[in-house]
Amino acid sequence: MNKTIIVSNRLPLQVSIQKNSLEISPSVGGLATGMKSVHADGNGIWVGWSGIPENELSPSLAKEVEKKIKKEKCVSVSLTNEDIEDYYEGFSNNALWPLFHYFMEYTNFEQHEWEAYKRVNEKFAEVVIDNLEDGDTVWVHDYQLLLLPQLIKGKKPNTTVGFFLHIPFPSYEIFRTFPWREEILTGMLGADLLGFHTYDYERHFLSSVKRILRLDVNFNKINYHDRIIKVDSFPMGIDYNKFHNAALEHRSGSLEKSELRKRLEEHVTEDKKLILSIDRMDYTKGIPNRIKAFEYFLDNYPKYKEKVRLVMLAVPSRSNVPQYQKLKRETDELVGRINGKFATVSWTPIWYFYRSMPFADLIDLYISSDVALITPIRDGMNLVAKEYIATRTEGNGVLVLSEMAGASKEMNEALLINPNSFQNFAENLERALTMPLNEQENRIKFLQKRLKRYDVEKWAEEFFKSLQETEQDRNTIVTKKLTGDYEKSFVEKFKSKKKKMLLLDYDGTLVGFKDNPQDAKPDDELFELLDSLHEKATLVLISGRDKDTFQRWFGHKSYNLVTDHGVWLYQNEEWTALERLKTDWMQSIRPILETFVDSTPGTFIETKNYSLAWHYRTADPELAKIRTMELNTVLTSMVANNGLSILEGNKVIEIKSSNVNKGRVVNRLLIENDYDFVTIIGDDWTDEYMFEEAPDWAYTIKVGLTKTKAKYQIKDPKQVRQLLQKLI
Ligand code: GDG
């Protein structure tokens, strides 16, 4: 039975060893909840670190840990103290975490930590592969394991691999500073589906893939070797019912009130309000900034003195890292200073807790607070914001949320603020404190509806569904691939037939692309191949290239040539014009193309006899994308009335007479002779005209794995040559 292997840095359980006795308890985090059904399904297993370093376990204890966690359907990856220091605290938390959250000043690039990161990712891969069977699916989580997808795919290419990033993916300008940027991207591209919390992170990732790896991206799909990788956003939700029901229970009076709740309620009266913030103590969460902004608020709206209290829960995190220790000191000092500045005998403005709290206390905090102030400087999603909304069972309460949290993208009904503007912060806090009840209810209602529907289980389900679809897509490509039995029958047919024609496109089909088109000359091996083919079949090279170039390259051969997309035909050592075309339009189009060359570095114009081509292969892909749209807009109005058409080829826009296309030539050639075998091979969409005109029984083969009308697909020019070689 096929199973799913979930992989994350930590297993969803807590292992504690006391006086040589082992305690294992499941952890209750959002991820564990979301993955519950995926994990529980069939023989699903979870691979990760147990939280106990290898060095602290005797061999017998290690065995026992393994046995006990196996019962929880988990398998552990054993990590040494050194691994944890260099891979986890080092590379993951000192390089990836700050950089991905735009804290460049905290980012440390250490070669030995990078080595450890690679080594530990390989350890994870080993454990996954040991547990992997044909047909299994792997779902990898988060920034500690960016290299893992490719490590799995490289060894087990038929495995479906998904990856989800829980933190932001930074913009290209930030990501490009990373010394091992190519390796990180290639590592991630081992996945068939890459998921992010928001569309922005997805966009940033695609932009880096385009610019750094220079891969082709079509909408949200990446063409990578012979694979198509899907990239999409899946905003992670929470276990809505768990929070909502706990809040209902706490409010129902069936439970005895906790001390915390009693103390919180003492503060809340008609004109006094509680403001809540909960975060891990992390510099991304904007804690010092929030305290300073609160000071600004009290200074500028003094009527709220003694009327509001900020209850701030900061949960200890990574506390042995110097930056986190500094943050803790800064927070302590700020709270002290501000409490000292404003406190009265009966009031302290900030109640500050530096600890973690049991779930029940968390619920008490949520239900007792009139306003939640969630103001990270940068946050992948932020689940606390969602949890606060889920606990508002009476429909009141206001969420003030930073625009920099991924959650803001789907929580428009919150009061969205820029946490760096104290004025904006203070205005919205005042607005939250004075918001009429019916407005609060309307906003909460909308937010709850969405969070309830798109909860964490739905999130996992949607990701998983999309991941399974990639498997189906892969299978369709496989059925179209001209390999195995299909290839065998193709070769046999060719050999058994008498009147054969091979129509071969040139660039991208017989030769790969070069930065400068003039460098893509035919090589000796190609001549040898074409000579042999020409002895066995009518060989036609058909190209958008100009007549002069082909004359220079192939004039000494007797192959048939079609150039300029079908304007000229070379047969029996003679050139014939198939179309009579004007070229006077070039005078008005060329200056337009020149302005695009000036404004787009790396682009140039190629002048052919009957067309003008603007090449952008070496330009910045993002800029080129914008420019191609602009150029298309400018040209569209001009070409329509002048009998011209715009062809978008592979990194080139070509303007030519609309009467011409490769498909018309195919028709003409087919009529000339009574062929019993025809094969057409081409790579870009100008070749689709040929595929359209081909008779049903012909072989049409598209080079590359993008959408096509051709019946078969093949990976690249190298494979085309290998296939043709088999015909001789
Ligand atoms: C990363 C990304 C992304 C907090 N204090 C206590 C406690 N919590 C629980 C909350 C919430 C979770 O911890 C925190 O989740 P966040 O999403 O707010 O933040 P990160 O830990 O930074 O998580 C983040 C997330 O991954 C998921 O993809 O949203 O952007 O940084 O569930 O309730 N729970 C208990 N006591 C506490 O004191 N019991």
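This is a predicted model: local features need pLDDT of at least 70, side-chain atom pairs count only at pLDDT 80 or more; totals for chains, interfaces and linings use all residues.
## Domain organisation

The protein is divided into four parts: domain 1 (4-233), domain 2 (240-453), domain 3 (484-579 + 660-727) and domain 4 (591-657). Taken over C-alpha atoms, the centres of domain 1 and domain 2 are separated by 31 Å.

## Interface of domain 1 and domain 2

At this interface, 18 residues of domain 1 are in contact with 18 residues of domain 2. Together the two domains bury about 1,500 Å², of which 57% lies on carbon and sulfur atoms. On the side of domain 1, W97, F103 and Y106 supply 35% of the area buried against domain 2, more than any other three residues.

The rule finds one salt bridge across the interface of domain 1 and domain 2. Elsewhere in this account of charged groups, the side chains of D200 and K409 meet in a salt bridge, with an N to O distance of 3.8 Å.

## Aromatic pairs

The structure holds 54 aromatic pairs. One of them joins F103 and Y283 in a tilted arrangement, 4.8 Å centre to centre and with 55 degrees between the planes. F103 lies in the loop between α3 (81-100) and α4 (111-130), and Y283 in the loop between β12 (273-280) and α11 (287-300), so the pair ties together parts that are 180 residues apart in sequence. Both F103 and Y283 are buried.

F243 and F359 form an edge-to-face pair, 5.4 Å centre to centre, with 65 degrees between the planes. This pair also links distant parts of the chain: F243 belongs to helix α9 (residues 240-252) and F359 to helix α13 (residues 359-368), 116 residues apart. The two rings fall into separate accessibility classes. F243 counts as buried because its relative accessibility is 6%, whereas F359, at 33%, counts as partly exposed.

## Charges over rings

The charged end of R378 sits over the ring of Y102, at 3.9 Å from the ring centre.

## Surroundings of Y240

Y240 lies in helix α9. With a relative accessible area of 3%, Y240 is buried. Leaving aside residues up to four places away in sequence, Y240 touches A390, Q448, L451, K452 and D455. Of these contacts, K452 is 212 residues from Y240 in sequence, yet the C-alpha atoms of Y240 and K452 are 5.6 Å apart in space.

Terms used. Residues are numbered from 1 along each chain as its sequence is written. Side-chain values use heavy atoms; hydrogens and water are left out. Rings of Phe, Tyr and Trp (its six-membered ring) pair if their centres lie within 6.5 Å; planes under 30 degrees apart count as stacked, over 60 as edge-to-face and the rest as tilted. Helices (H or I, at least four residues) and strands (E, at least two) are DSSP runs, numbered from the N terminus. Buried means under 20% relative accessible area, exposed over 50%, partly exposed in between (1.4 Å probe, protein chains only). A charge sits over a ring if NZ of Lys or CZ of Arg is within 6 Å of the ring centre and within 35 degrees of the ring normal. Contact means heavy atoms within 4.5 Å. Domain bounds come from an automatic or database domain assignment. Buried area is the accessible area (1.4 Å probe) that two parts lose on being put together, summed over both. A salt bridge is a side-chain nitrogen of Lys or Arg within 4 Å of a carboxyl oxygen of Asp or Glu.
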